[in-house]
Amino acid sequence: MSAYTYRVRSQPDYPILKWDASGARHLLVILDLDTTSIADLCDSACPGPLEILLRGEATHPALVRFSKENVLIHSFASMDSLIAALENALDQATMGLRLYALGHEDGLWKCNKAGQKVGMSRDEIQLAQASTTGRPVYCVHCGQHMNLIHTNITLCAGCKRHLLVRDHFSRLLGAYMGFQIDAECPGFIPAVEEVFP
Ligand SMILES: [Zn+2]
């Protein structure tokens with residue numbers, strides 16, 4: 001193994017979702033519907049009772065298989081209502097639950113946080129990035145949290161500094177660190193490019 005890797009150690013790596021047969025019950029949170037990822041999951045039958053919390057419409061063709069199998073699908077119009085329902089479901093859950101989350105990174109780490117709050121371990125939670133690589137960003141200067149940042153440099157919504165979006169990721173904050181880019185040369189802002197489509 002090379003001593004040097006391009007990826008920053010803190011940068012999360014997202015494998016594809018796979019049913020965990022050691023679980024007694026399964027809760028799938030779909031933050032952004034990604035047809036390919038759902039198709040991969042559908043390759044094998046869920047090994048136990050499954051419930052789905054979904055942002056969007058439960059009538060999407062990718063979900064037909066689940067509706068045929070009488071899986072309970074709860075659909076929500078907003079992220080906030082979805083996360084609130086997840087927290088509620090986790091509060092009532094007993095041992096043996098496995099949590100799967102699919103979607104953009106900001107939502108994934110909100111799901112992770114909700115799971116950890118009720119004592120789930122990291123191997124009982126699977127996170128899979130889907131539909132966008134837009135990043136959640138935390139401004140280290142004022143603590144502002146922003147989501148779905150697609151560019152290498154972004155303007156902080158809080159302190160209005162120009163932030164360089166680093167690869168450094170905090171699991172605790174569920175965000176990449178943003179540092180003022182022109183701290184040493186005020187006003188010098190390199191070209192802004194879309195790097196997280
Ligand atoms: Zn700021």
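Reader: I'm looking at strand 7; which residue there is the bridge partner of Tyr-138?

Author: In strand 7, Tyr-138 has His-145 as its bridge partner. Strands here are DSSP runs of E, at least two residues, and helices are runs of H or I, at least four, both numbered from the N terminus. Keep in mind that this is a predicted model: local features need pLDDT of at least 70, side-chain atom pairs count only at pLDDT 80 or more, and totals for chains, interfaces and linings use all residues. Residue numbers start from 1 along each chain as its sequence is written.

Reader: What is the strand order in the open sheet?

Author: Its five strands go 7-6-10-9-8, with mixed pairing. Strand 7 (145–149) and strand 8 (153–155) are the edges, each pairing on one side only.

Reader: Which helix lies across strand 6 and strand 7?

Author: That's helix 4 (residues 105–117), running at about 75° to strand 6. For such angles, axes are lines fitted to C-alpha atoms, for helices over the stretch in contact (C-beta atoms, placed from the backbone, within 7 Å). The angles run from 0 to 180 degrees between N-to-C directions.

Reader: And where do the domains fall?

Author: An automatic or database assignment sets the bounds: domain 1 covers 25–129 and domain 2 covers 135–180. Their C-alpha centres are 26 Å apart.

Conventions
Two strands pair if DSSP finds at least two bridges between them. Two residues are in contact if their C-beta atoms, placed from the backbone, lie within 7 Å.
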